[in-house]
Amino acid sequence: MTMESETLHILVIEDDPDARANLRDLLEIDGHRVELASCASEALDRDDWSTVDLIILDRQLPDARAETLLPQLRRTAPAADVIIVTGYSDLQGAIAALRQGAADYILKPLQFDALRASMIRLAERRQLALAKERSETALRHLLEAAECMIAILRPEGELLYISPFGERLTGYPLAEIRGQYCVDLLITPSSHDSVHERIDKIASGQPLQGFECPILCKDGSPRFMIWNARLLPDHEGAPALMVVGQDITGLKHAQERALHSERLAAIGQMVTGLAHESRNALQRSQACLEMLALKVADRPEALDLINRVQAAQNHLHYLFEDVRGYAAPIKLARQPTPLSDIWRESWNHLEVHSADKQARLVEHTNGRNVVANVDPFRIAQVFRNIFENALAAGTPPVEVTIEANDTCLLGQPAILLSVSDNGPGLAPSIRDRIFEPFFTTKIKGTGLGLPIAQRIVEAHGGTLVVASSPPPGALFLLTLPRDAS
């Protein structure tokens with residue numbers, strides 16, 4: 001937009017009456033709205049500074065000089081441009097005026113064409129500033145609304161900006177991590193070298209596309225990400241990198257679940273066939289053992305061997321059923337249920353075991369609502385497995401504590417249950433494998449209890465993990481969405 005098509009509200013501060021009148025006439029011919037003031041005090045005696053677009057200021061007034069008046073004008077009318085008109089051609093005065101915020105410096109006798117040209121330059125500058133502001137506003141709105149993590153950082157890794165989605169995803173507010181080195185903060189140590197190598201390439205001008213690298217959130221949980229990035233040659237006076245990350249954690253988990261389900265289906269078919277074929281053989285063996293027991297009823301040593309064989313057969317049958325149960329698809333019958341009712345019922349079912357251990361259950365819900373849309377029978381299996389492990393590992397008196405807290409899971413309201421005990425805790429080697437099928441530290445057992453519990457929780461859209469808490473005791477973190485369907 002040029003000056004000819006823009007109407008301005010102009011304040012002329014000039015002590016020469018003829019010069020004031022001439023300026024007003026010429027400016028009004030161009031269609032501008034003009035007000036006049038003959039001195040500084042008259043100019044300052046006004047309230048509507050917000051409407052003034054341009055101030056034409058005589059450098060030498062009866063009651064002030066431009067050098068002293070300029071700072072006050074810049075404070076009272078920050079949106080207005082100031083053009084100083086003077087009969088003094090000293091370079092130092094011009095430099096001082098420009099440093100104090102004057103937009104231009106024109107010598108007298110005033111040539112109106114020169115003034116008009118200056119006003120056109122200022123109009124173009126305003127239009128560029130307005131376009132930049134609109135562009136920055138649009139970019140800011142885009143960054144705030146984008147459902148992906150956007151970060152700006154220096155080539156050495158110093159974090160300058162993270163989008164609101166990134167704040168929600170990582171759990172870190174921008175104010176908390178601005179200025180920190182994001183590689184050390186967010187990237188797993190095993191990926192540091194690879195990330196630094198790619199940052200160096202981006203800083204040299206090579207865009208990054210489709211780089212898969214996980215991050216660690218504030219709560220220690222990992223998120224799987226796909227990254228694109230490019231160099232910003234000038235961001236706030238220095239080069240920077242704009243990095244855009246797409247959260248693919250849900251997709252990763254879905255792929256893993258699909259692969260896991262395929263494997264489980266194959267295992268299920270195999271075990272079902274094996275269990276069917278073995279059942280007849282086990283029944284024949286059992287019948288033979290019972291007949292043999294009758295024939296050697298007077299021989300205690302032989303009876304003891306027969307009992308051992310029968311126990312082994314029973315264990316084999318139990319193993320078949322456990323594996324088949326683990327491999328079978330999980331079907332849920334959800335209903336809104338207080339989780340406290342489920343864990344109390346599960347604890348009561350273990351009353352015989354808990355009595356031997358002088359065990360007690362401690363609850364800390366702090367008055368929170370612990371209702372979630374779950375399958376009560378399945379979630380009871382989860383609590384029962386966790387409780388059984390605590391009772392098996394602990395020595396009397398055993399204390400199991402459940403603490404409930406509100407949290408979010410994938411942006412949705414959820415319940416976090418911390419289940420801890422006062423037992424010996426879990427060694428890192430055990431903690432890393434505790435959800436691995438068939439891994440067990442018990443003399444008896446299939447090692448499928450906790451893997452089944454984890455499958456049940458994941459089928460609800462939740463998570464079950466064991467925390468790396470120091471002894472005494474193990475700490476399980478169970479997160480369930482409140483309203484998942």
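Which side chains meet in a salt bridge with an N to O distance of 3.8 Å? Select Glu197 and Lys201, whose side chains form that salt bridge, the term denoting a side-chain nitrogen of Lys or Arg within 4 Å of a carboxyl oxygen of Asp or Glu. The model is predicted, so local features need pLDDT of at least 70 and side-chain atom pairs count only at pLDDT 80 or more, while totals for chains, interfaces and linings use all residues. Residues are numbered from 1 along each chain as its sequence is written, and side-chain values use heavy atoms, leaving out hydrogens and water.

**Salt bridges**

Glu197 and Lys201 both belong to helix α9 (residues 192–203), 4 residues apart, about one turn of the helix. Helices (H or I, at least four residues) and strands (E, at least two) are DSSP runs, numbered from the N terminus. Glu197 is partly exposed at 43% relative accessible area, and Lys201 is partly exposed at 39%. On this scale, buried means under 20% relative accessible area, exposed over 50%, and partly exposed in between (1.4 Å probe, protein chains only).

Next, select Asp113 and Arg116 in helix α5 (residues 112–145), which are 3 residues apart, about one turn of the helix. Their side chains form a salt bridge of 3.4 Å, N to O. Asp113 is exposed, with 58% relative accessible area, whereas Arg116 is partly exposed at 25%.

Then move to Glu67 and Arg65, where the salt bridge is 3.5 Å, N to O. Glu67 counts as buried at 17% relative accessibility, and Arg65 is partly exposed at 35%.

For a network of salt bridges, select Arg33, Glu35, Arg46 and Asp48 together. The whole structure holds 22 salt bridges.

**A buried arginine**

Arg20 is found in helix α1 (residues 17–29). Beyond its neighbours within four places in sequence, Arg20 is in contact (heavy atoms within 4.5 Å) with Glu14, Asp15, Leu36, Ala37 and Ser38.

**A helix crossing**

Select helix α14 (residues 376–393) and helix α16 (residues 449–459), whose axes come within 9 Å and cross at roughly 145°. Axes are lines fitted to C-alpha atoms, for helices over the stretch in contact, and angles run from 0 to 180 degrees between N-to-C directions. Residues making the contact include Ile379, Val382 and Ile386 of α14 and Leu450, Ala453 and Val457 of α16.

**Backbone features in loops**

Most residues other than glycine have a negative phi, and most peptide bonds are trans. Select Lys108 and Pro109: the peptide bond between them is cis, with omega near 0°. Pro109 sits in the loop between β5 (104–107) and α5. Pro396 and Pro397 are also joined by a cis peptide bond, with omega about -5°, and Pro397 is in the loop between α14 and β16 (399–409).

Continue to Gln358, whose phi is positive, near 50°. Gln358 occupies the loop between α13 (351–356) and β14 (360–364) and counts as exposed at 55% relative accessibility. Finish at Asn366, in the loop between β14 and β15 (371–374). Its phi is positive, near 50°, and Asn366 counts as exposed at 55% relative accessibility.
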